[in-house]
Amino acid sequence: MAPAREPCGGHAHAHPRAGLRTRARRAASVVFILLAARLPTVTQADAVPDPVSILTGEANERAQREAEEQGRDHWLQFDVGVHPSAGDRPVVFAHARGKRYDALKTGLLLVATPKDDGDSYFARTVLLVTRHEPDAGTHALILNKPTRRKRATALGELEEMLGVQPTNPNIELLDGGPVPTSMPSYAYPTWASANGQRCAALAPSGAHLEPIDEVRVGPIPDAFLRCLLAETSVPVKIFFGISGWAPLQLDGEYRRGDWVLCRATQKFALMPAAENAWSMLVSSPEGFALCSGVGLAGSMA
């Protein structure tokens, strides 16, 4: 990886980013030596820009400009951060970016395409988009990834938090995504709070998010949650963590062919992970009907 050129002297006509470039080099001259062995795990090493140009923003500006000039609808953006797998040393991360894709919206399912069928965190996953704002980014919850946490430990934490023992046999514990959250998120069918149903009097009245008509997702008032977990057999998904994308990041991943968009239904939103919603969505007539025409950039092939 060739080093960037040092700016010339301290003349008044020097490049406006010269000072930032010099400070970045001085702060990172030793640290970035450690990156060389990590880069191939992020992307092809010969495609990774000079680290100083990443810090100054020049690399990402150039990548977007070149994509626009070449008529491409997605490109890579590079950032520098730390990662536990690298011993908290700085590494270069590559993220997709793309032109805004208007079909992305709250309430759709994101289905990982078969090409992402290896060791990726999102391999064979189905996600429910709980918030999509083009200028703010996207939040989603993985619907079919059982949590790595021990069930007894997780339920014990809920019992300590709520003061009741979760006895509902239809509680499913899931990893909602790689981004940690201070509190779990929940999903349950809307009929659980309908008149005549147990716990209905305790149901939230607007403090929840409804990405689809048949399923309520989000935080739940403690009294209603205690009732759902301890006094009913209503199917409840509990998510630890969320999945998140910066503005235009999911657009880029979609345009790159990483995802297929599908209409969400209560069946797939609340389907137990063991029933393999992903296989049904990518290979069954029902899945084809739900995904057909929603978005055309991804491919099930």
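## A tour from the cavity to the sheet

Start by selecting Leu128, Leu141, Leu143, Ala187, Val215, Val217, Phe239 and Ala269, which line the largest cavity. A cavity here is a set of points, on a 1 Å grid over the protein atoms alone, where a 1.4 Å probe fits but cannot get out, and lining residues have an atom within 4 Å of a point. This is a predicted model, so local features need pLDDT of at least 70 and side-chain atom pairs count only at pLDDT 80 or more, while totals for chains, interfaces and linings use all residues. Residues are numbered from 1 along each chain as its sequence is written, and side-chain values use heavy atoms, without hydrogens and water.

How much space lies in the largest cavity? About 30 Å³, counted as the space filled by probe spheres set on the points. Colour the lining by class and you get eight nonpolar residues, no polar ones and no charged ones; Ala, Val, Leu and Phe are among the types that count as nonpolar.

Next, show the strands (DSSP runs of E, at least two residues, numbered from the N terminus). Five of them form an open sheet in the order β11-β5-β4-β3-β12, with antiparallel pairing; two strands pair if DSSP finds at least two bridges between them. At the edges, pairing on one side only, are β11 (243–245) and β12 (259–263). From one strand to the next the twist averages 30°, using axes fitted as lines to C-alpha atoms and angles from 0 to 180 degrees between N-to-C directions.

Now zoom in on β3, residues 108–112, which five bridges join to β12. Click Leu109 and look across to Cys262, its bridge partner in β12. Then pick Leu110: Leu261 stands opposite in β12, and Leu127 is the bridge partner in β4. β4 covers residues 126–133 and pairs with β3 over three bridges.

Is β3 enclosed or open? Five of its five residues are buried, so it is largely enclosed by the rest of the structure. Buried means under 20% relative accessible area with a 1.4 Å probe, protein chains only. Leu108, Leu110 and Ala112 cover one face, with Leu109 and Val111 on the other.

Last stop: the largest nonpolar core, with 42 residues. Such a core is a set of buried Ala, Val, Leu, Ile, Met, Phe, Trp, Tyr and Cys residues joined through side-chain atoms within 4.5 Å. Among the members touching the most others are Leu109, Leu110 and Trp259. β3 gives this core its largest share, five residues. For a second, separate core of 20 residues, select Leu155, Leu162, Ala192 and Leu229, which are included in it.

Terms used:
Helices (H or I, at least four residues) and strands (E, at least two) are DSSP runs, numbered from the N terminus. Buried means under 20% relative accessible area, exposed over 50%, partly exposed in between (1.4 Å probe, protein chains only). On a 1 Å grid over the protein atoms alone, a cavity is a set of points where a 1.4 Å probe fits but cannot get out, and a pocket is an open set with protein on both sides within 12 Å along at least five of seven lines; lining residues have an atom within 4 Å of a point.
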